[in-house]
Amino acid sequence: MHLLNYNFVTREHHHFIFLRKPKMASAFIFLLIPLLFQFHSGECEAAIRRNYYSESCPRAEEIVKEQVTALYHEHGNTAISWIRNLFHDCAVKSCDASLLLEAANGIKSEKATSRSFGMRNFKYIEKIKAGLEKECPGTVSCADIVALSARDGALMLGGPFVAMKTGRRDSKQSYAAQVDSSIPNHNDTVSAVLSTFQAMGIDTEGAVALLGAHSVGRVHCVNLVHRLYPSVDPTLDPAYAEYLKKRCPSPHPDPNGVFYSRNDPETPMVLDNNYYKNVLKHKGLLVVDQQLVSDPKTRPFVEKMAADNGYFRDQFAKAFLILSENNPLTGDQGEIRKDCRFVNI
């Protein structure tokens with residue numbers, strides 16, 4: 001049997017196309033290949049993926065890591081800021097750097113909302129962006145800077161390495177009006193917090209792991225004093241409450257002053273499972289921290305993470321990755337901002 005003696009048959013919208021000669025079939029296939037390649041390439045361009053900048057800016061991720069590392073050694077708390085940036089950016093509609101926009105040209109900045117209280121170090125994003133613009137002008141998005149700096153910041157704090165995808169694009173608008181409904185209040189119930197994470201595809205186990213980010217950083221006294229005055233919250237360890245009163249001696253702290261308590265007094269700059277050990281001892285700073293222990297949906301995960309730092313790290317990495325991929329702008333959506341603070345003119 002000789003295969004070349006058989007006609008080639010293709011189906012298109014339920015109609016048959018008969019190609020009587022092998023040469024005609026070869027020509028048809030030859031014309032089809034570029035179309036398939038074009039479709040495949042367009043599909044790839046319209047999605048985030050690993051090593052997105054491998055050709056357009058090969059050192060992009062390395063440059064971000066270099067900048068994050070240098071800033072960490074100069075200002076250690078920047079690493080914590082990067083992690084918080086990722087949550088505040090991605091939880092509000094999309095991982096699109098809308099968080100970074102300043103109030104200008106009719107834009108209301110998300111940074112100016114009450115839920116962004118205490119956020120800082122935005123100016124260092126510009127330093128990272130400048131390094132990337134010098135290497136590859138107009139190529140790397142601010143949204144990817146937010147994601148990659150969070151990944152590298154967590155690593156600097158002793159957290160797990162998370163292999164992130166890139167290719168996000170930047171929003172041309174801010175979503176300040178949606179911040180309050182998208183970002184939980186410091187003292188919202190655990191159910192409200194779980195709902196926020198579930199909206200991004202993060203299950204209860206992942207949400208508990210991400211709250212482990214409370215093992216680093218600090219909380220301003222403004223968000224603590226209602227648990228201390230006029231009477232101490234009975235769910236707080238009494239000795240710990242006395243410690244917190246020394247950190248926050250007034251029931252009416254100045255919100256512009258530097259009055260705070262570390263989330264974890266023992267390892268305040270290490271992303272570890274000590275957070276879970278503390279909440280089991282009734283030493284959680286925020287209401288939601290302590291509710292993780294009292295809620296039957298979350299307590300088993302708290303106990304497991306408190307007992308196994310490796311398990312915490314694995315679950316944190318998985319949930320962190322899902323967070324970083326929430327509804328990104330890709331392809332022809334959005335833009336690549338020249339300055340992360342302003343949309344392109």
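The largest cavity in this predicted model is lined by His214, Asn263, Tyr275, Asn278, Val279, Lys283, Gly284, Leu285 and Asp289. Its volume is about 50 Å³, and the count of cavities of 30 Å³ or more comes to one. Helix α10 gives the most to the lining of this cavity, with three residues. Rolling a probe the size of a water molecule over the atoms shows where empty space is left.

The largest pocket holds about 1,100 Å³ of space. Its lining consists of 43 residues, and those nearest the pocket centre are Arg84, His88, His186, His214 and Arg218. Several elements supply at least two residues each to the pocket lining, namely α3, α7 (residues 190-198), β3 (218-220), β4 (260-262) and α13. The greatest contribution to this lining comes from α3, with six residues.

Helix α13, one of the elements that line the pocket, covers residues 309-324. With 16 residues, α13 reaches 22 Å from its first C-alpha to its last, close to the 22 Å expected at 1.5 Å a residue. At the start of the helix, a side-chain oxygen of aspartate 308 comes to within 3.0 Å of the backbone nitrogen of glycine 310. The buried residues of α13 are Tyr311, Phe312, Gln315, Phe316, Ala317, Ala319, Phe320, Leu323 and Ser324. Their cover includes α3 (78-90), α5 (142-156), α8 (204-210), α10 (274-280) and α12 (299-307). Helix α3 therefore belongs both to the cover of α13 and, by the definition of lining residues as those with an atom within 4 Å of a point, to the lining of the largest pocket. Helix α10 likewise is part of the cover of α13 and contributes to the lining of the largest cavity.

Serine 149 lies in helix α5, an element that is included in the cover of α13. This serine has a relative accessible area of 0% and is counted as buried because that value is under 20%. The side chain of serine 149 reaches the backbone oxygen of isoleucine 145 at 2.7 Å. Leaving aside residues up to four places away in sequence, serine 149 touches Val64, Val68, Trp82, Ile125 and Ile128.

Glutamine 291 is found in helix α11, which spans residues 287-294. The relative accessible area of glutamine 291 is 22%, so this residue is classed as partly exposed, the range between 20% and 50%. When residues up to four places away in sequence are not counted, glutamine 291 touches Thr189, Val190 and Thr298. Glutamine 291 and threonine 189 are 102 residues apart in sequence, while their C-alpha atoms are 7.2 Å apart in space.

For the chain as a whole, there are 13 helices and four strands. Of its 345 residues, 47% count as buried. The accessible surface of the chain comes to about 17,400 Å², and carbon and sulfur atoms account for 56% of that area. Among contacts between residues at least 6 apart in sequence, 75% join residues at least 24 apart.

How values were computed. Residues numbered from 1 in each chain as written. Predicted model: local features only at pLDDT ≥ 70, side-chain atom pairs only at ≥ 80, totals over all residues. Heavy atoms only, no water. Expected span 1.5 Å × (residues − 1). Buried < 20%, exposed > 50% of the residue type's maximum accessible area, 1.4 Å probe, protein only. Contact = heavy atoms within 4.5 Å. Polar contact = N/O pair within 3.5 Å; in protein donor to acceptor, adjacent residues only side chain to side chain. Areas by Shrake-Rupley, 256 points an atom, 1.4 Å probe, with all protein chains shown as cover. 1 Å grid on protein atoms, 1.4 Å probe; cavity = no way out; pocket = protein on both sides within 12 Å on 5 of 7 lines; lining within 4 Å. Points joined across faces, edges and corners; volume = space filled by probe spheres on them.
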